[in-house]
Amino acid sequence: MLKIKNLKASLEDEDKQILKGIDLEIGAGEVHAIMGPNGSGKSTLSYVLSGKGGYVVDEGSATLDGADLLDMAPEERAAAGLFLAFQYPVEIPGVGNMTFLRTAVNSQRKARGEDELNAAEFLKLVRIEAKSLKIDAEMLKRPVNVGFSGGEKKRNEILQMAMLAPKMCILDETDSGLDVDAMKLVAEGVNAMRNGKRSFLIITHYQRLLDHIKPDVVHIMANGRIIKSGGPELALEVENNGYADLLNEVA
Amino acid sequence: MEALEDVVKEGVDAETVEAVKGVAGKYKYGFATDIETEYAPLGLNEDIVRLISSKNDEPEWLLEWRLDAYRRWLKLDEPDWAMVNYPKIDFQNIYYYAQPVSMKEKPKSLDEVDPKLLETYAKLGIPLREQALLAGVEMPEGERKVAVDAVFDSVSVGTTFKEELGRAGVIFCSFSEAVKDHPELVRKYLGTVVPSTDNYYATLNSAVFSDGSFVFIPEGVKCPMELSTYFRINAENTGQFERTLIIAEKGAQVSYLEGCTAPQRDTNQLHAAVVEIILLEDADVKYSTVQNWYPGDENGVGGIYNFVTKRADCRGDRSKIMWTQVETGSAITWKYPSCILRGDDSQGEFYSIAIANNYQQADTGTKMIHLGKRTKSRIVSKGISAGHAQNTYRGLVTMHPKATGSRNYTQCDSLLIGNKCGAHTVPYIEVKNNSSRVEHEATTSKVDDDQLFYCLQRGVGEEEAIALIVNGFVKEVLQSLPMEFAMEAQKLVAISLEGSVG
Ligand SMILES: Nc1ncnc2c1ncn2[C@@H]1O[C@H](COP(=O)(O)OP(=O)(O)OP(=O)(O)O)[C@@H](O)[C@H]1O
Ligand SMILES: [Mg+2]
């Protein structure tokens, strides 16, 4: 599914390398988690993969089912099936959540040469997905993320993910700011989407989320590199002991 | 020191400005109609004023009124307080009257109109046929119809649905016809809202206006369809000076739309119009404009200079005027549709979207003059600037001593795309009684890279993303437009910003 080889990326405006050689391979249907200290480059990795401006790739490659991600425009990567649930979802005043969702869904369908969903088909789908995430109709009518609480914004990200049905989902700290019940809802949402063809990369600071969404592999990222990979037990180790030992190990 | 935010944005903004360059070529109404045209001699003097008057077979009093205005205009100086820069206009190097030769004999019905003219309007999406069509928006049979008065350079080409409207008692015709057929109404109301002494451009217009639209809705009548006038400038080097007069008697209701376009040329052309609206007791008038004059190219060459005076006089108690404008065109816009709230409990509303891209300059806003008791006004202005454009909101709200218990609410928001453009807000507020209340809110923001990336990551392309964000920004104003028009306006907003992001 996702193959990242020796990926190095710097800030465009400063001579500062953030990603210093990432190697990561996620197979179809797998769930990988990335943990790591603040500022280690986790969000940057998600941005470079999804094509956000402000970064330059110095070296390496990233492919999605063989297609060169780094060569595509951000919206093409999205249409190819890459989805990023943002750490900080932005507000778009005046643009209805439903309008936004429908524009997004149909833009991707169009880009893939599929028929656009008509209003009725779309509405039916949204209703089902919104219900399982306990997002009420009122929230769907409001402008995108405007006045949403932190947790509501995160649930809205998962709603978008469910509607867009991507094959590679990156979740950047979707669990931060969620209360216990909301976290369960999000985890259920993710688990419901898990299947043999869809993969997940879950960025998190807490073992908690991984209790609900069981990862196949856990990676520890520090200073722009993946310093250790292992099974779910690695997350427990971090939870109990912090990063100090792991960082010393590589030093 | 530069704000941190600006430093972070710099990179993308350079791209933005680069991309904005593509926009001018996309003006969709820039074609010219090849049609034999008769001009008045170049320049302006009393003989030209007389010639225009005689072209319309005007009575003596109207000629005198024009000449008075002309003599006064000679003594006036062009105003320079607006935030717009342009080379001095040479008023002697303009044609003040141009009409297609085929219009010399006024056609008696639409069937007799020169096919070239009909074709021009069809191409603009304004078929001059009596069917329910407006700007390409098809309405199912039996739905609301729109009557159109089509003004081409200095003359009205034709007006649709005149008979059907006539049966309801509504008069909708060209201004020149009104002078012939309803001289008493014209004489009673002309210049009573915008006197010929009002300002430089209004005075000029009073001297040389050639045609325009006339609307009269009698007491108690709700106009059975939307009325609209479509202004087209075609002839080169020619000024268009139209005059619109709308009278809504007691309890009358009408919704009126105005559209305007011009060919793409590398010289500037002058448009100086006057619109007067009179509202008696309980009258309700909606006046909407989609101004899409040629804006000039990406280097600021060419485009229309648009100097317009529009004013509504709410003479009757409880009368209500609503101005909505979508200003996307013109190299220079100088326009302040105003409301004189004279009647007690009268209401004025002004909703505006002004988009300036490339080198366009817009200085626009409104005046709310509260004279009557418990009068209310509401101003919602959304300015969008891209490229090197300058966009100014200029507004005046005055509460006179007798306007007790009155209210105004003003909201001006500006959106900047890129960092070479500017937005300015110039509100004047005068409150001369202590029971009235004035509220003013203003914001300036940028189309944010993070918002854009969010849209892109969801698969929405760049142009559609910017249109989505901008349409969100102007939503409140779009909602105040008649429905058929709102969709057109939404598309227009997207078109005028095409290519404004990298
Ligand atoms: N646009 C930028 N300008 C300046 N510095 C940046 C930029 N983007 C990232 N960085 C820097 O790169 C490093 C990695 O940031 P990143 O956001 O990827 O960390 P993270 O691992 O996601 O951290 P957190 O756990 O706090 O979310 C940080 O030092 C950050 O300050
Ligand atoms: Mg992060």
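How many of the six residues of strand β11 (residues 217-222) of chain A are buried? Five of the six are buried, and the strand is mostly covered. The views below come from a predicted model, in which local features need pLDDT of at least 70, side-chain atom pairs count only at pLDDT 80 or more, and totals for chains, interfaces and linings use all residues. Residues are numbered from 1 along each chain as its sequence is written, chains are lettered from A and ligands numbered from 1 in the order in which they are written, and side-chain values use heavy atoms, with hydrogens and water left out.

**View 1. Strand β11(A) and its partners, strands β3 and β12 of chain A.** Strands are DSSP runs of E with at least two residues, helices are runs of H or I with at least four, and both are numbered from the N terminus. Two strands pair if DSSP finds at least two bridges between them. Strand β3 (residues 31-35) of chain A runs parallel to β11(A), joined by four bridges; A:A33 has A:V218 as its bridge partner in β11(A). Strand β12 (residues 225-230) of chain A runs antiparallel to β11(A), with five bridges between them, and its residue A:R225 stands opposite A:A222. β11(A) and β12(A) form a hairpin with two residues between them, and A:N223 in the turn has a positive phi of about 50 degrees.

**View 2. The salt bridge between B:D198 and B:R311.** A salt bridge is a side-chain nitrogen of Lys or Arg within 4 Å of a carboxyl oxygen of Asp or Glu; the structure holds 28 of them over all chains. In this pair the closest N and O atoms are 2.8 Å apart. B:D198 lies in the loop between α7 (183-189) and α8 (200-208) of chain B and B:R311 in strand β15 (residues 303-314) of chain B, so the pair ties together parts that are 113 residues apart in sequence. Buried means under 20% relative accessible area, exposed over 50%, and partly exposed in between (1.4 Å probe, protein chains only). B:D198 is partly exposed at 28%, whereas B:R311 is buried at 12%.

**View 3. The salt bridge between B:R394 and B:D363.** The side chains meet at 2.8 Å, N to O. B:R394 is in strand β22 (residues 390-399) of chain B and B:D363 in strand β20 (residues 361-370) of chain B; the pair links distant parts of the chain, 31 residues apart. Both residues are buried.

**View 4. The salt bridge between B:K432 and B:E430.** The closest N and O atoms are 3.8 Å apart. B:K432 is partly exposed, with a relative accessible area of 48%, and B:E430 is partly exposed at 36%.

**View 5. The second largest cavity, lined by residues of chain B that include B:S381 and B:Y393.** On a 1 Å grid over the protein atoms alone, a cavity is a set of points where a 1.4 Å probe fits but cannot get out, and lining residues have an atom within 4 Å of a point. Of its 15 lining residues, B:S381, B:G383, B:N391, B:T392 and B:Y393 are the closest to its centre.

Terms used:
1 Å grid on protein atoms, 1.4 Å probe; cavity = no way out; pocket = protein on both sides within 12 Å on 5 of 7 lines; lining within 4 Å.
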